[in-house]
2 protein chains.
Amino acid sequence: MAIRRRRLARRVVGWSRKLSTLKQAKRRGAIDEGTTSLPRAVHDADLTVLATPVDAIVPLAMQAARFMQPGSILTDVGSTKAQIVKALERRLTPGVAFVGAHPLAGSEQRGIAAASVNLFDGSTCIVTVTRRTDRRALARVRRFWSAVADRVVVIDPVRHDRLLAAVSHLPHLLAFCLVGATVREALALAPRSFLDATRVAKSDPTLWDDIFLSNRAALLAAMDRFDRSWQTLHTHLSRRDRTALHRAMATAHAKRHALKDR
Amino acid sequence: MAIRRRRLARRVVGWSRKLSTLKQAKRRGAIDEGTTSLPRAVHDADLTVLATPVDAIVPLAMQAARFMQPGSILTDVGSTKAQIVKALERRLTPGVAFVGAHPLAGSEQRGIAAASVNLFDGSTCIVTVTRRTDRRALARVRRFWSAVADRVVVIDPVRHDRLLAAVSHLPHLLAFCLVGATVREALALAPRSFLDATRVAKSDPTLWDDIFLSNRAALLAAMDRFDRSWQTLHTHLSRRDRTALHRAMATAHAKRHALKDR
C-alpha cells in the first residue's frame, strides 16, 4: 500500500499461498495483481520483498532466487538479521543480490486486515551491510526505504540483532512473562499501565518464538543485563534503601523523558 | 472536575499549599473556591478527599481531621492502602470516619495541567473495608465513587496491596528497570513496543519510590513470582526448547487476549 501510494513501482505483484489473502490484498489496494505461483510472482520483479515469519525467509529466498533475473534484488523485512543475512549473502543464485532490511513498524496484529497505508509514517528502517553486501543493491534498497520510512539506518546485522534484542525482543519477552506471572484475580483489576506494558503479548506467539530463538544469544545477553538491574532494584527495596532506589529510578526517568513518543 | 460535571456536591473546595495551583484549578473549572488554609478547606466539608503522594496522606489526614465536623468523612486516592487504612481507621479524631479508596485511573502525568474531566470514564475504583470500617461512611464513599467511576470494587486493604503490586507496581518497576538497563545506542532505535512498555517510567520517581516502599512486602513477593517465570523462560531459551517456550508464550497470549483494552 505504501509503495503504491508513493508510486515507487510500475507494478506491485503479491504472492501468497492462499488465494483469499491475494483477493483481500487486491481489495485493500495493496497490489496490482496477485498469484500463488512463486515463479510467476518473482520472474519479472526488479525488487522482491519477503515478508514472512523469520524462519521462512531463508528457504523462501533460496527458492525465489532461482526464478529471478540476473541483476534483480531480494530483500526482506524480518525482525532478526544476522542468521538471515549470513545465509543469503553467501548462498544465493549468482546475479541475484540480497540486502537485509527491518522496518521498525507494525504492531501486535498481523494479516492484511491490519494493513495500513500509514504504517511506515514516522518510522525508522534498518538496512544491513556486511563486507559481502553488493553495493549497488544496497544503494537501491536504501533508496527504496528512504522513500517509504522517515529514516534509514545502515548497520551490520550482528549489531542490529544486539540492539533490537534490547529494545524490541526483550520488551516482548517481558510482556509475555508479566502476563504469564499474573494471577487471574489480579488481571481483573489491570489498569492502563499493565495493559500498555503487555499489549505486545497479544502478538502471535509462533512468530515470536521464531524471533527469540533466531536471536537467542543476543536476547540471553539482554536478559542478563536486565537481570542485573532487576536484582539491584530488588536489593534496594529489600533494604529499604530509598536513596539508592530513587537514584536508579530518576536516571531511568530522565532517559525515558529524552525519548520522543510516537 | 468529575464531581462538578456530575453535580455530586453543592460546593467543591480545593486545598493546596500553592496559590498558583488553586488559581489554575479554578480556571480549569475543577473547584468552586480554593484556599491554602487547611482548617478553612475542611471545616464545612461533608466529604474530604486527600489526593497527595502516599507518604503525605496519613500526616495530612491526622491534621485535617482535627478541623472536621463530627459525622464527616475522610477518604483518599492513594495507590497503596494497607499502611494508610491501618493508621487512619485507628487513630483519627473521634466522629470523623476514614474510608480508603484507590481509583484505577490516571497516567504518567501529574498536576492540574494533566487534569481531564473524562479521567474516570470507564475506570474501576477500589474502596477498602476492614472490621473497623464505619459502615455508614463506607456506603457513602462507595456511592460517591459509583457516581464517578464505571465500577466500584470493595476489598480489604491487604488484598488490594497484593493485587495492585502485581498489576500496577510491578509493571511500573519493570518499566523503570527496562529503561535503566538499556544502552543509549539502542534507545535511539526504540520502536513502539519499547515506548509503550516504558511510558510509565515518565512518572514522577518521587511518587513511585513512596509507593514501592509503602507496599514493599507485596511488591517483593510479586517480583519473586515474576522472577520465577523469567528464569523459566531463560532456561527454555538457553536450551533451545521451542516447545516449552511456545507453550509459556501461548498461555500468556491467551490470558492477554481475554483482557479488554482501554
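A cavity here is a set of points, on a 1 Å grid over the protein atoms alone, where a 1.4 Å probe fits but cannot get out, and its lining residues have an atom within 4 Å of a point.

First, the ground rules. This is a predicted model, in which local features need pLDDT of at least 70 and side-chain atom pairs count only at pLDDT 80 or more, while totals for chains, interfaces and linings use all residues. Residues are numbered from 1 along each chain as its sequence is written, chains are lettered from A and ligands numbered from 1 in the order in which they are written, and side-chain values use heavy atoms, with hydrogens and water left out.

Helices (H or I, at least four residues) and strands (E, at least two) are DSSP runs, numbered from the N terminus. Two strands pair if DSSP finds at least two bridges between them. In general, strands of a sheet pair through backbone hydrogen bonds, either parallel or antiparallel.

The sheet is open, with three strands in the order β6-β7-β8 of chain A, and its pairing is mixed. Strands β6 (101-104) and β8 (151-155) of chain A are at the edges with a single partner strand each, so one side of each has no neighbour in the sheet. From one strand to the next, the twist averages 20 degrees. For angles, axes are lines fitted to C-alpha atoms, for helices over the stretch in contact, and the range is 0 to 180 degrees between N-to-C directions.

β6(A) and β7 (residues 124-128) of chain A run antiparallel and are joined by four bridges. In one of these pairs, A:H102 has A:I126 in β7(A) as its bridge partner. Helix α7 (residues 157-181) of chain A packs on the sheet and touches β6, β7 and β8 of chain A, at about 115 degrees to the direction of β8(A). Contact means heavy atoms within 4.5 Å.

Chain B has an open sheet in the order β6-β7-β8 too. For the parallel part, look at β7 (residues 124-128) of chain B and β8(B), which share five bridges. There, B:I126 is partnered by B:V153 in β8(B).

How are the two chains related?

Now the cavity. How many of 30 Å³ or more are found in the whole structure? The search finds one. Its lining includes A:L174, A:A197, B:L174 and B:A197. α7 of chain A and α7 (157-181) of chain B each supply at least two lining residues.

Technical notes: On a 1 Å grid over the protein atoms alone, a cavity is a set of points where a 1.4 Å probe fits but cannot get out, and a pocket is an open set with protein on both sides within 12 Å along at least five of seven lines; lining residues have an atom within 4 Å of a point. Grid points are joined across faces, edges and corners, and a volume is the space filled by probe spheres set on the points.
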